[in-house]
Amino acid sequence: MEFGTQTIQELLEGYQAKQFKPSEVIEGYLKNISERDEKLNSFLQVRPEETLANAKKLDGRMNEVNQLPLFGIPIAIKDNFLVEGWQATAGSKVLSGYVSPYTATSVQRLESMGAVIVGKVNCDEFAMGSSNENSAFGAVRNPWDLERVPGGSSGGSSAAVAAGLATVSLGTDTGGSIRQPASLCGLVGLKPTYGRVSRYGIVAYASSLDQVGPFSKTVWDSARVMEVMAGFDDRDATSSKRSVPKYTEELSSKRTFTLGVSRSWLEGVDPEVGKSFEAVLEAFKKMGGKVIDIDLPHTRYSLSTYYLIAPSEASSNLARYDGVHYGYRTPSAKSSEDLYSRSRGEGIGREVKLRIMLGTYALSAGYYDAFYLKANQVRRKIQEDFEKAFTQCDFVVSPTSPSTAFKLGEKTDDPLKMYLSDIFTLPVNLAGLPGLSVPCGLDSKNLPIGFQLIGKPFCESDLFTAAYQYEKVRGEFPLPSIAKGKG
Amino acid sequence: MSLEKYEAVIGLEVHAQLMTASKMFCRCPNQYGASPNTNVCPICTGQPGSLPVINKKAIELGVRAAIALQCEIHSESVFARKNYFYPDLPKGYQISQYERPYSTHGNIVVRLKNGDEKRIGITRIHFEEDAGKSNHESYGTLVNLNRAGVPLIEIVSEPDMRNAHEAGQYLRALHSILRYADICDGNMEEGNFRCDANISVRLRGTEKFGTKVELKNINSFKFVEKAIEYEIQRQVFAIENGEKIIQQTRSWNSGKNVTEVMREKEEAHDYRYFPEPDLPKLTISVEWLGQIRNEMPELPSQASERFKKAFELSDYDAAVLTSSKELAHYFESVVSHSKNGKASANWVMNELLGRLNAASKEIEASPVSATQIAELIKKIDSGEISGKIAKTVFEEMFATSKDASVIIKDKGFVQISDPAALENAVRKVIENNPSQLAEYKAGKVKLLGFFVGQAMKETQGQANPALLNELVKKLLDT
């Protein structure tokens, strides 16, 4: 049997029917990785022996398939998660060779419920980027078109699932790093509400914005991963104590929704993307939903707000990569001052340095009030825009990305152009809201288009329900040919 | 020398480690002296992905300190990151509090040597985590992270002190309060109670502060006083010589008895403080505060009041006996065995403390235990030995740590209260002094004293004085 195209739901049905065993499935996925990933560069580390050994342990537990909601599910983990015994480079040379001494809460929860890690996947260095071209270990390619980017920063996570190298994957989203690559690779990607999933064990980029979320081929799969992974963690003081619903059980509830669209926000969107997005609105109307116009006047400041807050926090979060305790240390230091500047100078890449510099300035005496403090005031205004919108509608909707996958190197010389890829996703992080990207079509170049549903805090269940309904109307979304062993 | 023309302005910053079982933001033991880098985990070593979680016990102890120092306690406060690079700071920032500390506006009343009391204001108290320790060796620097993440409170005083003595008394009072309330163990040698001093001088009668100099990390009360004394003189001499005081950080060289420059102000850091995004605001609810208030241990001022009432002590005695928690406990232990408050106070203060001071020992290192001193007091009260002999016995106890009963037995110090035993001695004295006897018989009754004295000498001072007196009179009159 060929593996790679299945969903969680299909694998679980197969296990229940005793059609195959976890070790067969995992072997199939490992084979896919070894055969296909040379072209994609999505995996940074695989440990086939350990992975197979884990799968074989599950072979002996086939009778527990109904107790373990992720029984025998192959999962890929972004390389900015810590998993004990695995490397965690976060795509940076400064962490090359670093082996995790402990496991992230999110990963530990998935593993304890039967998921099997098939490998650690590539990403933009310290999750900073929108194309996965900022990895110290090379760019990742889009399975739909190898000349194009998979999106970023979780480009390895999206490429791996789209190409059939993992059934689902985990990523992190600080300004769009799950939703944008999900959109560019034709997948479902969720950025949960801030505080919904523990951040313990993910390499921090911007602590007040970072969230962990899943990549999957279907809404049901996303809901399944979330119901296992979400919830309070006493190791993350910013995680919420709210109870976690059984998302998969709430998917089929029959409800109609009101969608809010901010027209001014949509200016500058690629026409093919815009057309596909309008079709989504029509589909919701056909299902009995309503579409209304809303105003989000402060979202136009999202980019500048984000690029003050995120770099400020990053400049502090990344101070620990200094060559003293672990990670890359320059071989040629002449003093402790020299050790710091050389280790960091040699170990950290260009885009990350740029953001550290930005953040360091924004927090400096004399600039703090004008930059960091002001940005936080605007952040509050953006939150208020959404709060106001949600008095009129259930969701705010937008395309996930203004364009489909662009070519490698196309935007690397112009940071601002690159930053604009996240124009629809950034405000969601600033407001701490959940955002779900769902595939909605292919453009004339056969590249996936996605749209984004933005909900009220902790209303992931509503997002899943609406997206699940839409998915039924839309029909099965195609996979790139590489996922079927071709290409 | 024109020191009198000037007045010093002194403010102190004290870092006190909190006596919690675990560290401020992780579950590692808060324990001094373990093998290097054994009390560590991913959080306090700053591993990627690790996050801080607030230790509730540390907050409780900090709030206790704020209550003891009469501070306002804020229901909401904010942790902030203080960013700087140093090898013993693994995260590259220290979690502290900056713009919104949990406590402000307190004070301590201190007693000065002239008997006056003075109120010293406390500007603020805030929480922070300790850094690790760097040991600079000839071959390089060794970093020990056992201390990294240990909970601290920083207590910042108002610039209310005017001389080294006031600063010393403030520090002693603060130290005593923190130890009484089980907040900080106060061990200065281990660095669990550290002091920085800000010092400037100005002409008496002027309002404007002079340029301040910061004295860093002085590790004993005596050194704090000496360093401040030195620094005041240094600044006054400099000004009198027409020099300008430069804002700088200095350290105390206890070998040379001078302060030395550590760094100039120009090298000061921009710490880029900002609110710690990994921690929610710190909230201290009314209920929690009430609970902490109810569970407050006794403070020195309260112990002093209690001693005065229970043992009928003077203000002065009560203040001395409660000057440290250990001394107060020692004293209470003596009283509980001896059942004689006044005598216990006298013996502890006059005999024991004097000798301890002379030997430069603290009460914890007393060679005589509380029960031993109580036993001695009981022997006086029961008439077994005289007060005079007790002093000799005590001297021996202090030197050898032996029990009073052992010394009394070995040296034959027991008071003779047997009339038959004393009668021989008295008869001998009378027989040996016939002329005085004749004078006495002739009416010179004053000579009774002479005979008692001689008889006492005959018994090597061991005679029960009252009994001896009675016996001499009886035998002279027959």
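**Group meeting: domains, sheet and cores**

Hi everyone, let me start with a distance: the C-alpha centres of domain 1 of chain B and domain 3 of chain B lie 69 Å apart. Please keep in mind that this is a predicted model. Chain B is divided into domain 1, covering 3-291, domain 2, covering 298-411, and domain 3, covering 419-477.

Now to the sheet in chain B. In what order do its nine strands run? The order is β2-β6-β7-β10-β1-β11-β12-β13-β14, the sheet is open, and the pairing is mixed. At the edges stand β2 (72-73) and β14 (258-264) of chain B; each has a single partner strand, so one side of each is left without a neighbour in the sheet.

Let's zoom in on one pair. Strands β12 (residues 213-218) and β13 (residues 248-253) of chain B run parallel and are joined by four bridges. Within this region, Leu215(B) has Arg250(B) of β13(B) standing opposite.

Two helices to look at next. Helix α1 (residues 56-68) of chain B packs on the sheet, where it touches β2, β6 (103-111), β7 (117-129) and β10 (151-157) of chain B, and its direction makes about 165° with that of β7(B). Helix α3 (residues 221-240) of chain B also packs on the sheet, touching β1 (6-17), β11 (193-203), β12, β13 and β14 of chain B. The direction of α3 makes about 25° with that of β11(B).

Is Gly62(B) buried or exposed? Gly62(B) counts as buried, because it has 27 C-beta neighbours inside 10 Å, and the cut-off for buried is 20 or more. Leaving out residues up to four places away in sequence, Gly62(B) touches Leu18(B), Tyr102(B), Ile125(B), Phe127(B) and Ile153(B). The C-alpha atoms of Gly62(B) and His126(B) are 8.1 Å apart, although 64 residues separate the two along the chain.

Finally, the cores. Which members of the largest nonpolar core, with its 218 residues, touch the most other members? They are Ile75(A), Val118(A), Ala467(A), Ala65(B), Ala167(B) and Ala197(B). Helix α2 (residues 164-180) of chain B gives the most to this core, namely eight residues. A second, separate core has 34 residues, among them Ile373(B), Ala374(B), Phe394(B) and Met397(B).

Over in chain A, setting aside neighbours within four places in sequence, Val118(A) has contacts that include Ile26(A), Tyr29(A), Leu30(A), Ile75(A) and Ala166(A).

Key. Residues are numbered from 1 along each chain as its sequence is written. Chains are lettered from A and ligands numbered from 1 in the order in which they are written. This is a predicted model: local features need pLDDT of at least 70, side-chain atom pairs count only at pLDDT 80 or more; totals for chains, interfaces and linings use all residues. A nonpolar core is a set of buried Ala, Val, Leu, Ile, Met, Phe, Trp, Tyr and Cys residues joined through C-beta atoms within 7 Å. A residue is buried if 20 or more other C-beta atoms lie within 10 Å of its own, exposed if 12 or fewer, and partly exposed in between; C-beta atoms are placed from the backbone. Two residues are in contact if their C-beta atoms, placed from the backbone, lie within 7 Å. Two strands pair if DSSP finds at least two bridges between them. Axes are lines fitted to C-alpha atoms, for helices over the stretch in contact, and angles run from 0 to 180 degrees between N-to-C directions. Domain bounds come from an automatic or database domain assignment.
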